[in-house]
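This report describes a single protein chain, from its overall architecture to selected local features. The sequence and model are shown first.

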Amino acid sequence: MTAQLNDCDLLKLIAQDNVPAFETIYDRYSKSMFLFAMNIFKKREICEDIVQNVFIDFWTKRKEVEVKQLKPYLFQAVKYQIFNQLRNRKISDEDLTRLTIVDISMSITQKLEFDELQELINIQVNKLPTRCQQIFVLSRFQHMSNKEIASELGISVQAVKNQISKALSFLRKNIVLEEGVLYLIFFATTF
């Protein structure tokens, strides 16, 4: 049941000591966290320990820490554990090089994800009905207030609010669907 929930909903359940929600997050992210660690250490036992330590800390601090975005939080925690491992043992130049490459790669990946999301939003905005698109662009891209938009277009503030709400609903629905399709395509071709 919890497998269909998004990260935000799972975090709320975990704060209420919901073990199945925690297990869902573990199942969702542990493999990619392990692979991330393996890119640096190439030692299975150390990488398994790192992932386990992250999830133990996460469960222990579930009521204290406010997590806004789960995936970046978990991967940052893996990175922190990696630094601890490097600090506590003799550091090889090879390990440092791999860590630097992975860090650069993560930055590039985040930039690409942002650019892809921006492009996805632009595509979906262009699919909006003309008036709805016009109002949404004035509001979100040109940063005009609802009152300014209403005045410029000669419509009521409520009409502006309704169009923005309609646009946001459309975008939420279509971007989530498209991301799901992209996710499936990506993982179907990589494994």
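The model is predicted, so local features need pLDDT of at least 70 and side-chain atom pairs count only at pLDDT 80 or more, whereas totals for chains, interfaces and linings use all residues. Residues are numbered from 1 along each chain as its sequence is written, and side-chain values use heavy atoms, with hydrogens and water left out.

**Overall architecture**

The protein chain contains 8 helices and 0 strands, and its elements run α-α-α-α-α-α-α-α from the N terminus on. Helices (H or I, at least four residues) and strands (E, at least two) are DSSP runs, numbered from the N terminus. Of the 191 residues in the chain, 30% are buried. Here buried means under 20% relative accessible area, exposed means over 50%, and partly exposed lies in between (1.4 Å probe, protein chains only).

**Nonpolar core**

A nonpolar core is a set of buried Ala, Val, Leu, Ile, Met, Phe, Trp, Tyr and Cys residues joined through side-chain atoms within 4.5 Å. The largest such core has 27 residues, of which Ile 25, Met 33, Phe 55, Phe 58, Leu 74 and Ile 82 touch the most other members. Two or more residues of this core are given by each of α1 (7–15), α2 (19–41), α3 and α4. Helix α2 supplies the largest share, 10 residues. Met 33 lies in α2 and is buried, with a relative accessible area of 0%. The C-alpha atoms of Met 33 and Lys 71 are 9.4 Å apart in space, although these residues are 38 apart in sequence.

**The second largest pocket**

On a 1 Å grid over the protein atoms alone, a pocket is an open set of points where a 1.4 Å probe fits, with protein on both sides within 12 Å along at least five of seven lines; lining residues have an atom within 4 Å of a point. Grid points are joined across faces, edges and corners, and a volume is the space filled by probe spheres set on the points. The second largest pocket has a volume of about 160 Å³. Its lining consists of Asn 53, Val 54, Asp 57, Phe 58, Lys 61, Tyr 73, Gln 76, Ala 77, Tyr 80 and Gln 81. The elements giving two or more residues to this lining are α3 (44–60) and α4 (70–88), and α4 provides the largest share, 5 residues. By class, the lining divides into 5 nonpolar, 3 polar and 2 charged residues. Ala, Val, Leu, Ile, Met, Phe, Trp, Tyr, Cys and Pro count as nonpolar, Asp, Glu, Lys and Arg as charged, and the others, Gly among them, as polar.

**Helix geometry and burial**

In α3, the buried residues are Ile 46, Cys 47, Ile 50, Val 51, Val 54, Phe 55 and Phe 58. In α6, they are Cys 132, Ile 135, Phe 136, Leu 138 and Ser 139. These residues of α6 cover an arc of only 165° around the axis, which puts them on the same side of the helix. The arc is that of the directions from the helix axis to the C-beta atoms.

The buried residues of α7 are Ile 149, Ala 150 and Leu 153. They fall within an arc of 100° seen down the axis, so they line one face of α7. The face turned away from this buried side carries the exposed residues Lys 147, Ser 151 and Glu 152.

Asn 126 lies in helix α5 (residues 93–126) and counts as exposed at 54% relative accessibility. Its C-alpha atom is separated by 9.9 Å from that of Val 137, 11 residues apart along the chain.

**Positive phi angles**

Most residues other than glycine have a negative phi. Asp 17 is not a glycine, yet has a positive phi of about 65°. Asp 17 is placed in the loop between α1 and α2 and counts as partly exposed at 34% relative accessibility. His 143, also not a glycine, has a positive phi of about 55°. His 143 is found in the loop between α6 and α7 (146–153), and at 64% relative accessibility it counts as exposed. Just after α7, Gly 154 takes a positive phi of about 70°.
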